[in-house]
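I opened my notebook and loaded the model. Here is what I looked up, entry by entry.

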Amino acid sequence: MGDNNCAYCMENELLDAFGIKICDLKVSKLYLFKEQSHKGRVIVAYKDHVSEIVELNEEERAAFFEDVNRAACALHKAFSPAKVNYGAYGDTGHHLHFHLVPKYTDGYEWGSTFAMNPKEVFLTDDEYTSLIEEIKNAL
């Protein structure tokens, strides 16, 4: 059961403010993060409204990390980052999700922790579509 105040559950204007749905994975949903200071940044959100990884049983947890891994592999294949950073936050948004943030040695914030939302790089609709297609093709 979803939460009416949760962007990942409702997939409405709450989500539209920061993300674009790419596709469903085995037990998760994959979203492109609209702020693209880190080319290819995505979010993997668990399909059900759970707040903590400890709420998942062993099988669910393994399937979730398989989805995270699948998304990370796609980012490496599509964009060849030097590293992918992983962030699991949610102090105010209680839905289990991971930010996958490609980092590039000559790029934004290399060598430091990524900003949650630097609000610096936004793309055109066509550019978002192109990135999404690159990620889908690499999945």
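In which helix is L14 found? I found L14 in helix α2, residues 13-16. I kept in mind that this is a predicted model.

**Entry on L14.** I checked the accessibility next. L14 has 36% relative accessibility, so L14 counts as partly exposed; buried would need under 20%, and exposed over 50%. I then listed the contacts of L14. Leaving out residues up to four places away in sequence, L14 touches N4, N5, C6 and A7. I also looked up a distance. L14 and Y86 are 72 residues apart along the chain, and their C-alpha atoms are separated by 22 Å.

**Entry on α4.** I turned to helix α4, which has 14 residues, 125-138. At 1.5 Å a residue α4 should span 20 Å, and the end C-alpha atoms are 20 Å apart, which agrees. Which residues of α4 are buried? I noted Y128, L131, I132, I135 and A138. Seen down the helix axis, these buried residues fall within an arc of 130°, so they line one face of α4. That buried set packs against β1, β2, β3 and α3. On the other side of α4, I found D125, D126 and N137 exposed.

**Entry on pockets.** I looked up the largest pocket, with a volume of about 420 Å³. Its lining has 21 residues, and Y8, F18, T92, G93 and H97 lie nearest the centre. By class, I read 9 nonpolar, 10 polar and 2 charged. α1 and β5 each supply at least two residues of this lining. The second largest pocket holds about 150 Å³ of space. Its lining includes S51, E52, G93 and H97.

Terms used
Residues numbered from 1 in each chain as written. Predicted model: local features only at pLDDT ≥ 70, side-chain atom pairs only at ≥ 80, totals over all residues. Heavy atoms only, no water. Helix = DSSP H or I, 4+ residues; strand = E, 2+ residues; numbered from the N terminus. Expected span 1.5 Å × (residues − 1). Buried < 20%, exposed > 50% of the residue type's maximum accessible area, 1.4 Å probe, protein only. Arc of directions from axis to C-beta. Contact = heavy atoms within 4.5 Å. 1 Å grid on protein atoms, 1.4 Å probe; cavity = no way out; pocket = protein on both sides within 12 Å on 5 of 7 lines; lining within 4 Å. Points joined across faces, edges and corners; volume = space filled by probe spheres on them. Nonpolar A, V, L, I, M, F, W, Y, C, P; charged D, E, K, R; others polar.
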